[in-house]
Amino acid sequence: MRLVSLTCSNTEIVWALGCLDRLVGVDSNSDFPPEVARLPRVGPDLQIDLDRVEALKPDLVLASLSVPGMQRVVEGLQARQIPHVVLDPQSLQDVYDDIMRVAGLLGVASQGRHVVRAMQWMIAQARGSLPNWVRPPRVMVEWWPRPMIAAGQHSWVTQMLEALGAENAFAHLPVRSQPLTPALVEEAQPDLITVSWCGAKKLRPEVVLQRELKIPALKHKQVFALEEAYLGRPGPRLAEGAKKLADLLRQVPVWQHGGRP
């Protein structure tokens with residue numbers, strides 16, 4: 001089966017399923033695993049070159065709606081009658097379901113179950129390394145600095161944090177993500193901020209630390225860089241992201257806790 005992946009997370013799902021040899025093309029942003037560097041590129045996620053995709057004669061295109069605006073690409077695939085599936089997860093369970101869905105399509109269902117179980121085990125291990133907090137620490141996962149954009153309720157980030165005993169500081173906002181005013185951030189009172197800017201070549205926590213906001217994260221300087229690759233790609237590497245989040249949460253001194261789980 002000849003596969004083309006149109007986003008990083010889909011490429012990484014194919015890799016985790018042991019089917020990398022079936023990929024004949026990927027989007028311009030796919031950078032993991034390193035072996036994908038040799039594959040033909042079909043453009044960035046919002047500007048996929050459908051002529052290139054068609055020329056690769058794929059049996060299946062793994063499309064996505066994880067980035068706003070990708071619907072145009074999906075409509076183009078439909079118009080050209082290029083065989084495709086669309087992955088559009090919002091929750092962590094959706095990510096697991098998508099991995100199983102792709103595994104089924106590729107005829108490797110047992111490997112899909114193995115990948116999901118491994119992710120769940122890694123996240124459980126990360127939770128086991130953390131204390132029992134009197135209250136869940138509130139985390140702001142920042143996708144962009146100006147304007148401030150953070151993950152909301154309908155993001156797998158929310159379930160990742162819950163699985164670690166923490167909470168998304170903006171879980172009360174019924175969105176995937178949205179621009180935030182200083183007043184909204186102060187109302188949410190995040191204890192920790194991850195600088196996980198999408199598409200940024202350099203992550204700069206100092207930009208966040210310079211903000212004049214009355215929140216615990218700035219008061220206690222709990223602002224850390226955590227690459228978008230580990231939080232913003234709904235695929236198997238989210239489990240690594242959970243471990244990295246746990247490493248950050250473990251070093252934050254501002255919450256009381258009642259001992260180890």
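The following dialogue examines how several terms apply to this predicted model.

Tutor: Residues are numbered from 1 along each chain as its sequence is written, and side-chain values use heavy atoms, without hydrogens and water. As the model is predicted, local features need pLDDT of at least 70 and side-chain atom pairs count only at pLDDT 80 or more, while totals for chains, interfaces and linings use all residues.

Student: Why is Ser9 called buried?

Tutor: Buried means under 20% relative accessible area, exposed over 50%, and partly exposed in between, with a 1.4 Å probe and protein chains only. Ser9 has a relative accessible area of 3%, and therefore counts as buried. Ser9 is placed in helix α1, where helices are DSSP runs of H or I with at least four residues, strands are runs of E with at least two, and both are numbered from the N terminus. The C-alpha atoms of Ser9 and Ser64 are 9.0 Å apart, although 55 residues separate the two along the chain.

Student: Why are the buried residues of α11 said to be on the same side?

Tutor: The buried residues of α11 are Leu238, Ala239, Gly241, Ala242, Leu245, Ala246, Leu248 and Leu249. They cover an arc of only 170° around the axis, which puts them on the same side of α11; the arc is that of the directions from the helix axis to the C-beta atoms. In general, an α-helix has 3.6 residues a turn, so residues three or four places apart point the same way.

Student: What span is expected for α11, residues 238-251?

Tutor: The expected span is 1.5 Å times one less than the number of residues. Helix α11 has 14 residues, with 20 Å expected, and its reach from first C-alpha to last is 20 Å, close to that value.

Student: How do the residues lining the largest pocket divide into nonpolar, polar and charged?

Tutor: Ala, Val, Leu, Ile, Met, Phe, Trp, Tyr, Cys and Pro count as nonpolar, Asp, Glu, Lys and Arg as charged, and the others, Gly among them, as polar. By that rule the lining holds 17 nonpolar, nine polar and nine charged residues.
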